[in-house]
Amino acid sequence: FWDYLATLAEVAGTAAPKGLDGISFLPTLTGAGSQARHELLYWEFHERGFAQAIRADNWKLISRKPGQFELYNLADDLG
C-alpha cells in the first residue's frame with residue numbers, strides 16, 4: 001500500500017514522507033509521463049496458512065511452507 005501513499009501525496013501536490021519506498025502510479029492513471037517501476041515486488045498471504053512470494057523481472061519465487069520454495073520463470077511458464 002506504500003504506492004497508494006506516494007500517489008495520493010503526488011495528487012495533493014506534496015512530497016511523500018522521507019524513507020518511503022512507494023512509487024506513485026499517477027502516470028498510469030493519467031496516461032501522462034512514464035511510469036516508474038519497482039525493482040522487486042513482494043507479497044505475503046496470511047490466508048490459508050501464510051505464504052510469501054517475490055518477483056524480479058520474469059522470475060517469481062514462492063514459499064507456501066517454511067523452507068520449501070518454488071521458482072518460476074514467467075516467460076516460460078505463464079501458468
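1. Contact here means heavy atoms within 4.5 Å. By that criterion tryptophan 2 touches Leu20, Asp21 and Gly22, leaving aside residues up to four places away in sequence. The model is a predicted one. Tryptophan 2 sits in helix α1.

2. The C-alpha atoms of tryptophan 2 and aspartate 77 are separated by 29 Å. Along the chain the two are 75 residues apart.

3. Which residues of α1 are buried? They are Ala6, Thr7 and Ala9. Viewed down the helix axis, these buried residues fall within an arc of 160°, so they line one face of α1. Leu8, Val11 and Ala12 lie on the other side and are exposed. The cover over the buried residues includes α2.

4. The end of α1 deserves a look. Glycine 13 follows the helix. Its phi is positive, near 75°.

5. Serine 24 belongs to the loop between α1 (2-12) and α2 (26-30). Is serine 24 buried or exposed? It is buried, because its relative accessibility is 14% and the cut-off for burial is under 20%. Serine 24 touches Asp3, Ala6, Thr7, Glu10 and Gln35, not counting residues up to four places away in sequence. Two of these, Ala6 and Thr7, are also among the buried residues of α1.

6. Serine 24 also makes a polar contact. Its side chain reaches the backbone nitrogen of leucine 26 at 3.2 Å. Leucine 26 falls within the range of α2 (26-30).

7. Threonine 30 lies in α2. Threonine 30 is exposed, with a relative accessible area of 51%; the cut-off is over 50%. A polar atom of its side chain lies 3.2 Å from the backbone nitrogen of alanine 32. Threonine 30 and alanine 75 are 45 residues apart in sequence. In space their C-alpha atoms are 29 Å apart.

8. What makes up the nonpolar surface patch? Its members are Leu40, Tyr42, Ile54, Trp59, Leu61, Phe69 and Leu71. The patch covers about 710 Å². Strands β3 (59-65) and β4 (68-73) each supply at least two of its residues.

9. Leucine 71 is one of the patch residues. Leucine 71 lies in strand β4. Its relative accessible area is 56%, so leucine 71 is exposed.

10. How many salt bridges does a search of the whole structure find? The count is 1. The side chains of glutamate 70 and arginine 64 meet in a salt bridge, 2.6 Å from N to O. Both partners are partly exposed: glutamate 70 has a relative accessibility of 27%, and arginine 64 has 49%.

Terms used: Residues are numbered from 1 along each chain as its sequence is written. This is a predicted model: local features need pLDDT of at least 70, side-chain atom pairs count only at pLDDT 80 or more; totals for chains, interfaces and linings use all residues. Side-chain values use heavy atoms; hydrogens and water are left out. Helices (H or I, at least four residues) and strands (E, at least two) are DSSP runs, numbered from the N terminus. Buried means under 20% relative accessible area, exposed over 50%, partly exposed in between (1.4 Å probe, protein chains only). A polar contact is a pair of N or O atoms within 3.5 Å; within protein, one must be able to donate a hydrogen and the other to accept it, and residues adjacent in sequence count only if both atoms are side-chain atoms. Patches are made of residues with over 30% relative accessible area and no salt bridge: like charges are joined within 9 Å, nonpolar side chains (Val, Leu, Ile, Met, Phe, Trp, Tyr) within 5 Å. Accessible areas come from the Shrake-Rupley method with a 1.4 Å probe; for residues, only the protein chains shown count as cover. A salt bridge is a side-chain nitrogen of Lys or Arg within 4 Å of a carboxyl oxygen of Asp or Glu. The arc is that of the directions from the helix axis to the C-beta atoms.
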